[in-house]
Amino acid sequence: MIKVTNLFKAVPVGGETLEILRGISFEIKSGDSAAIVGVSGSGKSTLLGLLAGLDQASGGDVIIDGVSLAGLDEDSRAALRAEKVGFVFQSFQLLPALTALENVMLPLELAGANGAEQQATTFLNKVGLGERLAHYPATLSGGEQQRVAIARAFAAQPALLFADEPTGNLDGETAEKIIDLLFSLNASAGTTLILVTHDQRLAARCQRRFAMESGRLSEIS
Amino acid sequence: MNSWLLLRRDWRGGELGILLLAATLAVTVVVGMSAFVASLQATLTDESKRFLAADRVVVSGVSVSTAWRDRALDDALATTVTLAFPSMAVTAEDDFHLVSVKAVESGYPLRGDLLISDAPYGPISQADRVPSPGEIWLAPRLYALLGVSNGDPLWIGDAKLTVAGVVRREPDATSGTYGYGPRVLMNLADIDATGVVQPGSRVSWRLLLSGSADSLDRFSQWVTPQLEQGQRLLGTDDDQPRLGRTLERAEGFLLIAGSLGVVLAAAAIALSARRFATRHIDPVAIMKSLGATRSRISRLYGGSLMLVGAFGSALGCVLGWLVGYFFLTLFAEELGVTSPTVSIEPFVIGGVTALVCLGFFAWPPLTRLSAIPPLRVLRSDISLDGGHSSMDYLMGGCAVILLMWWYSGDLRLTFAVVMGLLVVVLAGGGFALLLLSGGRRIGSAAGSVWRFSLAGLQRRRRSSALQMVIFAIAIMLMLLLIMIRGALVEQWQAQLPPGTPNHYVLNIAPEEQAELTAFFDRYQITRQPQFPMTRGRVVTVDDAALAEYGTESEGPRQREANLTYAQHLPEDNVVTDGEWWDAGSQHFEVSLEEEFAERLGATIGSRLGLRIGAEEIEVVVTSIRQVDWQSLKPNFFVILPPAVLAPFPKTYFTSFFLPETDKGRLNDLVKMFPTFTVIELDIIVTEIRQIINRVGQAIEVVLGVILLAGALVLIAGVRASIDARVSESALLRAMGARKQLILGAIALEFSVLGALAGTMAVAGAELAAWGLQTHVLDLSYQPTFWLWPLGVIVGVLLIASLGLWSCRHVVSTPPLVVLREL
């Protein structure tokens, strides 16, 4: 479960303070999926960064499974991410020097998990890349790279999965397949899914939808 | 996950390879240079030992104590004894000539080769024995002078010996009582039979020793306190002062080269570490977003760096040793190297260099990687904070300076190089920033190629300035070495120019002067002026009588010297204190050579009592001179005004040059002037030339190694900025820019960098060369004006061609492929 209370984010710009997020509050139950939509610059990615503990809020709090991020330093937030959080990014964020298998193994290895290779292989098989384990990202198509990223996100069996425009760099057909894959894995793993998107089809697949506008969030019924 | 795993994966990525290559290069250069220099120094020391025909020699005017020999044998040293003295060689027809006798026993020489021939001037071979008892070997020209052939009898004192061969060259021909006539070599066992060696005879006994350094040191410590008046222990340094400066300068050059190698290696590591860190910003951000903590990242990369350092050091040690060995093998004959010196020192220096370079240049950017905010995975505009990099470079610079100091052991040398580097870094860097700021304004008024390239340079102003400084440092260090090499070679050539006098003639009576000049003119022999010479002895200094005997350590003692007179200061002499007298001076004054004055404890104003023949005169020291003993021209410790010394009886002294092919003229000279004493220096001149040539060749090799290291730094420097240029160029091509425009812009960009770097490099090199030549190598400095345009042209050509070569794939592959790779 993730609970957000009166979240603020402001940054200094040229001697003035720019408010990016203005008092955001919401709560997503475990296993639910939620989409945050909004125009570019509305603060969606900033909100995602704060929810995942990648950045620190100027005010308010984010509580993940009862743990308040406000009271954690960077290393503690990293430890929390290693335990509970997974990511899928618009630009895939695979390490170019690692094979598909090694990219998926990475979070497991960082967490010191046993059987990283076996688990990573299982998830790559699940996303249909069992035959491409030894391939490097540069030799994979955009859709394949995103599938590796999804396998990586689910391999660590996170409680929370954040996705930033997961279909943003893909064509319509490939995007459709990726959406199906994301939601089927999410359903079987029981992960809480929060995604930021422009894609209405993707947003429509989520149980809850929020609109971001000028730093304020409102739920779309 | 551990550092080993990270290392393996990063290795595949290629970026680590660059860092490993730089670390390996650093260690290879340092180890290779150190190993080469160590072997070379050992070779040069061996070369010096060859002049002694041994590692150490105990010289005695009386005899060689049997206790010394016994002790030497106990210390596991090889020994042999020689005895040298002047004597008359007499033929069956009663023809005679003054000769320099050397009596030797089996085992001679312990170092170097004894060269002989069957017939005078016949084919030379290496002797595997010494003359047997009853045999005598002669210098070639004695055959003609005495009219003897092999098998003829020849008397030395009462001993009748048989002429049995020709002695062409002994390793220690230049030491001891050389020069009192041509050499004859006989067996020591025949000495008693000659009856010429009596108590009080003017002879020189030499106990030759060779063996391990420890044994030699042990023996030296034991024997030194036992040495009496007229006995001394010779090492390698004290017997060949003529070569001293040559070898010192050569060693200085090699140390400078090694230090520059350290700087270049550090620059290569700094460049590649910076690139490595830049290219790892995203991977680190991803790992942090996946839960890696700061300390985890630091541990991972720290461990990885340590592994790189260990691999690089190990590989560099092996490669460095191989490089050093390769050069030694390649130049074994020219350099006279017998075997490489195996010592741990080069490897320690290499290891410490790697540690310092990686610690100060690679670790800071890597450790800051851990500070990359994980938010970068969402916002690519967040970058590594570069604010600390100036401090890193400052710290690194200080570390490299300390490393150079440690490596060279010479503070002035280090200071001179650092001053040159500072000019490049501070003045050059500031100038570059200034120029690059104005570049865009110039560019906007120019054509499109200029606009693109100058805009690119201006946009990356900081990194362009840094890159320019790196290029300038590499070019500067290469130019510096070329300049110093030039100055050294020039100085050496000036030291012994063709036609350097290689024979001295003493005992020329005043009435023989004109006849000798006519002889020289007839055979067109190049000679020096004839100097008057009177034997004299310094007996008092400021009325204090000097001890007649005793060692130097007990205080000044009486000194005998050849006195001369001159109106004008001799060529090559420099007055270091006081003033040279006015021509026609009637005053009782004297000019002393500086070391001679020091030994006497005399300064300007001191009154010296001189005993000349039966008379004593008092003169006042009015000038102290520095004399170039390496010039091989006649030089004097004591010079007086003509008015003071001319009335005393005197002989004359001169020197002349006789080429090897005209050596026979010496026979004519000696036959014509039987009272002359001729000292043959041609062997010394040949030996010194040979060593200078070998050192010169070694310097060429070292220069080659440093140029290679410099070129690699330039490549690393070009590669450091390649990513940004590749992406911009790909974007331009995607937008329809023609190949020519892109290549033109790249070439121009690197040309501008090269031109500025070249200019800065020449300025820095001139400053450092001035410092090194005048304060370290004791050479004169001349600004090299031709270097300025050359530096700029080389900078432009080198950097532009490297830049174009590195960016070549940008225009040869489709833009989409390039963009996808980024």
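## Chains A and B, and a look at Lys84(A)

Between them, chain B and chain A bury about 2400 Å², with 60% of it on carbon and sulfur atoms; buried area here is the accessible area (1.4 Å probe) that two parts lose on being put together, summed over both. Do keep in mind that this is a predicted model, where local features need pLDDT of at least 70, side-chain atom pairs count only at pLDDT 80 or more, and totals for chains, interfaces and linings use all residues. Residues are numbered from 1 along each chain as its sequence is written, and side-chain values use heavy atoms, leaving out hydrogens and water.

**The interface**

- In contact (heavy atoms within 4.5 Å) are 24 residues of chain B and 30 residues of chain A.
- One salt bridge is counted between chain B and chain A; the term needs a side-chain nitrogen of Lys or Arg within 4 Å of a carboxyl oxygen of Asp or Glu.
- Glu74(A) and Lys288(B) form a salt bridge, their closest N and O atoms being 2.6 Å apart.
- Helix 8 of chain B gives the most to the side of chain B that touches chain A, with five residues; helices are DSSP runs (H or I, at least four residues), numbered from the N terminus.

**Lys84(A)**

- Lys84(A) lies in helix 2 (residues 74-84) of chain A.
- Lys84(A) has a relative accessible area of 16%, so it counts as buried (under 20%, 1.4 Å probe, protein chains only).
- Leaving aside neighbours within four places in sequence, Lys84(A) is in contact with Ile64(A), Asp65(A), Pro158(A), Ala159(A) and Leu160(A).

Technical notes:
Chains are lettered from A and ligands numbered from 1 in the order in which they are written. Helices (H or I, at least four residues) and strands (E, at least two) are DSSP runs, numbered from the N terminus. Buried means under 20% relative accessible area, exposed over 50%, partly exposed in between (1.4 Å probe, protein chains only).
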